[in-house]
Amino acid sequence: MTGWYIVILILMFQFGTPVWGGVISDPYTGTPTQINGTPGASTIFEAENFDKGGEGVAFHDPHNCGANNGAGCSCTQTYRPDGVNVCAIGAINFVSYDDAGLWVNYTIDVASSGAYTVELFVAFNDAGCCAAAAYHVEVDGYAYPSVALGPALTGSWTTFDWRGKTWVALLPGRHVLRIVVDKGWFNFDTIRIRFAAAIEWQQVPVWRNY
């Protein structure tokens with residue numbers, strides 16, 4: 001599979017890293033999340049710490065509890081009342097009520113070129129609505145294939161498990177990681193990015209007849 005990452009990296013070098021509509025969101029903490037580039041190392045960060053910038057810039061939530069006067073939502077939302085439904089249970093905050101079409105941005109800073117895996121720490125417990133729950137990852141506008149979180153449930157809406165591994169190619173520097181919900185519903189608490197493999201650059205001679 002390494003060849004595909006090389007192709008993606010070449011395209012990123014050739015054409016740069018596009019952004020959506022020319023507008024870039026800002027890191028929630030003020031600085032991008034630092035992605036560990038040590039082989040085998042993982043970087044874990046909170047899903048509720050998505051970028052600042054507001055609806056349509058840092059996130060999009062088609063089922064905003066605030067905008068819908070709480071319709072269909074039944075959790076305490078005190079951590080971030082700026083749009084996305086962030087629920088609080090005790091000291092735990094997580095993104096919830098994520099209908100299809102929801103997306104959130106995270107500004108990251110990558111240390112090393114390579115193939116990385118992206119996973120979500122998710123909880124869902126209703127086979128009728130959510131066994132087909134799925135999401136996909138986008139990096140600087142490049143969309144990776146959708147991945148399923150089920151069909152096995154996690155046991156409760158607050159029992160979390162790592163699901164949905166996506167392989168992505170990353171270059172050193174600042175990037176925007178977007179999590180897009182393709183099929184709801186599920187809660188997600190954290191995101192894990194793991195350095196899976198280095199990418200070796202090889203130059204293959206091309207012979208031509210003149």
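A: Among contacts in the protein between residues at least 6 apart in sequence, 79% join residues at least 24 apart; contact here means heavy atoms within 4.5 Å. The model is predicted, so local features need pLDDT of at least 70 and side-chain atom pairs count only at pLDDT 80 or more, while totals for chains, interfaces and linings use all residues. Residues are numbered from 1 along each chain as its sequence is written, and side-chain values use heavy atoms, with hydrogens and water left out.

The protein has two helices and 13 strands. Helices (H or I, at least four residues) and strands (E, at least two) are DSSP runs, numbered from the N terminus. Buried residues make up 45% of the 210 residues, where buried means under 20% relative accessible area, exposed means over 50%, and partly exposed lies in between (1.4 Å probe, protein chains only).

The strand in question is β7, which spans residues 114-123. Glu119 lies in this strand, and its side chain meets that of Arg192 in a salt bridge, with 3.1 Å from N to O. A salt bridge is a side-chain nitrogen of Lys or Arg within 4 Å of a carboxyl oxygen of Asp or Glu. Arg192 belongs to strand β13 (residues 187-197), and the pair links distant parts of the chain, 73 residues apart. Glu119 counts as buried because its relative accessibility is 9%. In general, side chains of opposite charge can pair when their charged atoms come close.

With a relative accessibility of 3%, Thr117 counts as buried. Beyond residues up to four places away in sequence, Thr117 touches Lys165, Thr166, Trp167, Arg192, Ile193, Arg194 and Ala196.

A search of the whole structure finds two salt bridges. The other joins Asp161 and Arg163, whose closest N and O atoms are 2.9 Å apart. Asp161 counts as partly exposed, at 32% relative accessibility, whereas Arg163 is buried, with a relative accessible area of 15%.

Strand β7 also contributes to the largest nonpolar core. A nonpolar core is a set of buried Ala, Val, Leu, Ile, Met, Phe, Trp, Tyr and Cys residues joined through side-chain atoms within 4.5 Å. Of the 38 residues in the largest one, Val104, Tyr106, Ile179, Phe186 and Phe188 touch the most other members. The elements that give two or more residues to this core are β6 (103-110), β7, β8 (134-139), β11 (161-170), β12 (173-183) and β13. A second, separate core of five residues includes Cys87, Tyr97, Ala123 and Phe160.

Leaving aside its neighbours within four places in sequence, Val104 is in contact with Phe50, Ala58, Phe59, Val84, Leu177, Arg178, Ile179 and Phe188.

Cys87, a member of the second core, has Phe94 in β5 as its bridge partner. Strand β4 (residues 86-89) and strand β5 (residues 92-95) pair in the antiparallel sense over four bridges; two strands pair if DSSP finds at least two bridges between them. In their hairpin, which has two residues between the strands, Gly90 takes a positive phi near 65°.
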